[in-house]
Protein chains: 2
Amino acid sequence: MEKFQNKIIKEILEYYENLWSISHVSSLARWDIRTNMPKAGSKARGKALAKMGSLRQKLFLKPEFIDLIKKAEDEKELNDYEQGVVRVLGKSLEKYEKLPKEFLEKKAEITTEAHGIWEKAREDQDFKKFAPILKEIVELARQEADYLGYEAHPYDPLVDSFEEGLTTKQVSEYFESIKNPLKEIFEKVQKNENIAQEHVLLDTHYFEEEMKKLNKKLLEELEVDRTQFRDDIAVHPFTTTLGINDARITTRYNDTDFKMSFLPTAHEFGHALHGLQCDPDLARTPLSGHGMSIGESQSRFIENLIARSKPFLARFTDDMKELSPEIKDFINKEGVDGVYRYFNAVQPGFIRVEGNEITYHFHILLRFEIEKELIAGNIKVEELPEIWNSKMKEYLGIVPPNDSLGVLQDVHWSEGYFGYFPTYSMGTFISQMWSAKMQEELGTMDDLLNSDDGIRKIKKWLGDNVHKYGCTYTMNGLLEKIVGSRLDPQPMLDYLEEKYVKV
Amino acid sequence: MEKFQNKIIKEILEYYENLWSISHVSSLARWDIRTNMPKAGSKARGKALAKMGSLRQKLFLKPEFIDLIKKAEDEKELNDYEQGVVRVLGKSLEKYEKLPKEFLEKKAEITTEAHGIWEKAREDQDFKKFAPILKEIVELARQEADYLGYEAHPYDPLVDSFEEGLTTKQVSEYFESIKNPLKEIFEKVQKNENIAQEHVLLDTHYFEEEMKKLNKKLLEELEVDRTQFRDDIAVHPFTTTLGINDARITTRYNDTDFKMSFLPTAHEFGHALHGLQCDPDLARTPLSGHGMSIGESQSRFIENLIARSKPFLARFTDDMKELSPEIKDFINKEGVDGVYRYFNAVQPGFIRVEGNEITYHFHILLRFEIEKELIAGNIKVEELPEIWNSKMKEYLGIVPPNDSLGVLQDVHWSEGYFGYFPTYSMGTFISQMWSAKMQEELGTMDDLLNSDDGIRKIKKWLGDNVHKYGCTYTMNGLLEKIVGSRLDPQPMLDYLEEKYVKV
């Protein structure tokens, strides 16, 4: 491990393997809840996860370990990796010192229990079933903010825990900078009837077995290595990275919109690749993770910039013909151009994860505005469906016919994740910063995707410039190092203008 | 929790939830290795499990906890449950005090790594690939025996760790008492040509999808509750009990012998039921497990006494006709009697888990004799294939054509389990002790299985007399309490004589 030379850092990393091990088995236990666990197992699982969480906290707060971290903070001449270790652990230490053990146990128990309740409420399209436990979770989030402390806004410490250093004010400014340009693009695109109708054209029923085959081929085209990867089915697609040699994604099958299993598979593969291409020297260290925005920049890269592109989609048109008789007719008539329009249709929709490259960000803006006020205590849980629906009307001009297509659609709140959503939008904007830089070095995306070794080259570029660093740097730290600038919405706005308006 | 009244015991149980939680996630992690984990994940998993093991040891050996156990040992007027807690924890304490942390970590790491190596060697029919790591594992087992200490034989402490109080001498005596009677029954049965030929008659290829349907129906007939149960596919069938509401079995599909997926499913279901019917008051306490022999008595009960019985098999003859054209012809001609003969054919075979009710015990005897000498240092790992084959010749008159059908067939050694096998044979003999007692109370097994609520009644009897106690009592303690005698081979020998010789 030549990256870690400093003696104190080495001692820290040795001890850290205990903490990593608890995280590893806890992540597996959470993955299992969503993929395999029999329903009745949730109570015991919640208790186990709660204990694992407080055990991790206790081990973290061992005076000898704290001493090491404090000592390391005073060390001079640490290299970037060593500084990263100190930064990440200092951050965790602060959090663990502020959050009481009982609080963390309670949060783990309640959020584990909440998952099943959310699933049922969503299935039954009944927000009332979810409301009571959501109330508890919101109360916990508000308590968490109090424990962590804040100056400007109680939402600040929550946002910060998903993206180091990010504040409510910065998120507001970010949305201010993209809101109007996106609105303009959205309005221009909506005038294009051809694109707007595409979704309806393909509204048919797809064979699930054929969708599975298609996803299998998708992963093969992305050159997946199955010795360190697996994919399963879950209600809400997600990725779990259990180590630099074990990443797992899930997807779901929607029989009326096959791109809604194709795109999530590509998206989650992007996350998985991020973990798998981390530098092996960082395995089982505090640096083997990553901030949420950088994470999302990787999933969006694969989903939007690769899987929605024409040359990549062209690899699948024959396979897609097998999905249903109607799509066969459609592809025979319209060819890959039709498929491309279908995958890039810009219509307002109810579901965030089904959002297109433009409307997606309004879904996030809506959640950001709601969360901010919920945490500030200005919105009550009971009011959520109404507020949700009125904001949908405002931003996208549509109102969900039921809560499963509205306020119940996301898993995040059931897990106690408040402050997470903004990173989805920011990460998406960052993906185009990487892409622009990569294309400077490797040639255009289209050329890459039209060549035999393009996927390999792209994966290597992402590995060398993003993945290998884990969370050695902060979001803006890494952007500055690789791209030469902090989060900048312009490359994405240019790309959207080019892709959706000029053509 | 009215079962636990004593203040010290209550304190113990509260602290124990930490230990239970580590066991819970570790069990899940081991289950995952065999069902889901991408191969390349094994190294990190091994490290995590090693750390979890030593963390559990460390928490167990906390002076305050040891004090509580010691104090509880001096308490008077403890009820059976409280005494059980003290007994089980005292046992673990002794083991943890004697085994160094570094030893347990090394064992966890090596055995995790070994699983993949064993699978590969078995696939390639190449013992040489497994031998080097098996040598290390044997060496660790020998060290473990030294650490734990023994008077008569180094195998003693290993046997004892799977069945409390059991010694090498007792196992030898047990085998002495069953060897000749079984041999006699075996010889008598072999003269019955009809039974001996049955296996060959059904040597055809089965449709995997239909086998899966059959297993699904099997579990339904056993009245499985899927809210707390799941079944998966694995190389070696096994059960993992993650709590009193989460038990998971695996099975495998063998396209030339469908009873080899039917019977393991029944077997593992018996284990799962054992865990699921434990008294909820014992959840997350040291009493929620059970000794290995009592465990095996439950799996064998379902496998042999129910699933191999004529009235139970009769429920499936129509479904079995779908398995292949040949078996359809066979069942049309021979009916349920033919199916019954097939499921109870007594032929020598290479594979332990495919053994019938008679030859099975010779498979175990062979392993016991080998393990005993391996641990004593009288056999070298390199010699295993040869010794294995010569013992097969001696006991069953056949020699495996390759090591995958011989010395490589079992997963146990790769997991470091030496001393486990004898409990399989003993547990099988115990199953008939339960059955005899149950039939005294509920009527004959045939009558029960011919009635609509028979399965429900049998499950309830097992729940009330065996399962609910967890490991409150030792093997012989529970037998004496319920049946009124210690391990007694006679009921099983009578049953075998009646079933295989008299008919």
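Reply: Buried means under 20% relative accessible area, exposed over 50%, and partly exposed in between (1.4 Å probe, protein chains only). This is a predicted model, in which local features need pLDDT of at least 70, side-chain atom pairs count only at pLDDT 80 or more, and totals for chains, interfaces and linings use all residues. Residues are numbered from 1 along each chain as its sequence is written, chains are lettered from A and ligands numbered from 1 in the order in which they are written, and side-chain values use heavy atoms, with hydrogens and water left out.

Me: Which residues of helix α21 of chain A are buried?

Reply: In α21(A), residues 475-482, they are M475(A), N476(A), L478(A), L479(A) and I482(A). Helices are DSSP runs (H or I, at least four residues) and strands likewise (E, at least two), numbered from the N terminus.

Me: What makes the buried residues of α21(A) line one face of the helix?

Reply: The arc is taken from the directions from the helix axis to the C-beta atoms. Seen down the axis of α21(A), the buried residues fall within an arc of 160 degrees, so they line one face. Their cover includes α12 (292-307), α18 (421-442) and α20 (454-465) of chain A.

Me: Why is E105(A) called buried?

Reply: The relative accessible area of E105(A) is 13%, and the limit for buried is under 20%; E105(A) is therefore buried. This residue is found in helix α5 (residues 101-123) of chain A.

Me: What makes the link between E105(A) and S54(A) a polar contact?

Reply: A polar contact is a pair of N or O atoms within 3.5 Å; within protein, one must be able to donate a hydrogen and the other to accept it, and residues adjacent in sequence count only if both atoms are side-chain atoms. The side chains of E105(A) and S54(A) are joined at 2.7 Å, so the distance meets the limit of 3.5 Å.

Me: How do you know that D32(B) forms a salt bridge with R248(A)?

Reply: A salt bridge needs a side-chain nitrogen of Lys or Arg within 4 Å of a carboxyl oxygen of Asp or Glu. The closest N and O atoms of D32(B) and R248(A) are 2.7 Å apart, so the pair qualifies. Between chain B and chain A the count is 4 salt bridges.

Me: Which element gives the largest share of the side of chain B that touches chain A?

Reply: That element is α1(B), with 12 residues.

Note on methods: Contact = heavy atoms within 4.5 Å.
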